[in-house]
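Hi,

Here is the structure I promised to pass on. Please look through it first, then read my notes below.

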Amino acid sequence: MDRLRPRNRAVFSGFTNAEIEKMEKLLREPTGGSLGKEFYQKLARSFNYSSGRAGKPIIKWTEIESWFQTRLQDSPQVPSSELMVPKCKEGETMQHPSELEFEARSSKDGAWYDVEAFLAHRFLSTGEAEVHVRFVGFGADEDEWINIKTSVRQRSIPLESTECSNLKMGDPVLCFQERRDQAIYYDAHIVEIQRRMHDIRGCRCLILIRYDHDNSEERVRLRRLCRRSRS
């Protein structure tokens, strides 16, 4: 399967047929908003998350704006005051695709998994945006609709031994939880740090963390922790 974020981006080559059909529909069907920079930006983000743009260069919002302006000039019978777009919840943010990898939180167990691909997107009646996610190492039967604002973020980065001195109580982390029947990643916060001398094996500090999903606590080594990105 093609990845959403190719290592080498080609020069922008145009919209896909599906994207053009979507814009044509928005051009003709009033749905509760108005044209403007925010509309173009949100539409660009939704296109960039779609499966149809997998392996293709990202779209700039100004390219969408130019398309609409051209179509309006070609179709003067469509009054701009009647052009409406889906409303999004105030303060809604959608992370822009980049060369960075993404992770998403499954609604099935509350754990975080690496994202292989964003397959589709949709807006709920509340205005919140969701993406259809394929997880790395899982098949289509495990695909999920994920809330972009609360459960999609850039991939967390494993902490290096030299970074333990920067940690402090209250810091958010992603912790690799090992159990007899599972080994998965959960959000947690640092409760206490027992500083110890490092040796040839690296950091020997013991870190007490509290998992966010069930408030259970566990002492772990630094190697089981990742630095969380901002959602």
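Among contacts in the chain (heavy atoms within 4.5 Å) between residues at least 6 apart in sequence, 59% join residues at least 24 apart. This is a predicted model, where local features need pLDDT of at least 70, side-chain atom pairs count only at pLDDT 80 or more, and totals for chains, interfaces and linings use all residues. Residues are numbered from 1 along each chain as its sequence is written, and side-chain values use heavy atoms, with hydrogens and water left out.

The chain has four helices and 11 strands. These are DSSP runs: H or I of at least four residues for helices, E of at least two for strands. The chain has 231 residues, and 41% of them count as buried. Buried means under 20% relative accessible area, with a 1.4 Å probe and protein chains only.

Now the cysteines. The whole structure holds zero disulfides; a disulfide needs two cysteine sulfur atoms within 2.5 Å. For Cys203, the nearest cysteine sulfur is that of Cys205, 3.7 Å away. Cys203 is buried at 7% relative accessible area. Cys205 is buried too, at 2%.

Last, the lining of the second largest pocket. It includes Leu159, Glu163, Asp171 and Arg227. By class, it has four nonpolar residues, one polar and four charged. Here Asp, Glu, Lys and Arg count as charged; Ala, Val, Leu, Ile, Met, Phe, Trp, Tyr, Cys and Pro as nonpolar; the others, Gly among them, as polar. A pocket is an open set of points on a 1 Å grid where a 1.4 Å probe fits, with protein on both sides within 12 Å along at least five of seven lines; lining residues have an atom within 4 Å of a point.

Best wishes

Terms used:
Buried means under 20% relative accessible area, exposed over 50%, partly exposed in between (1.4 Å probe, protein chains only).
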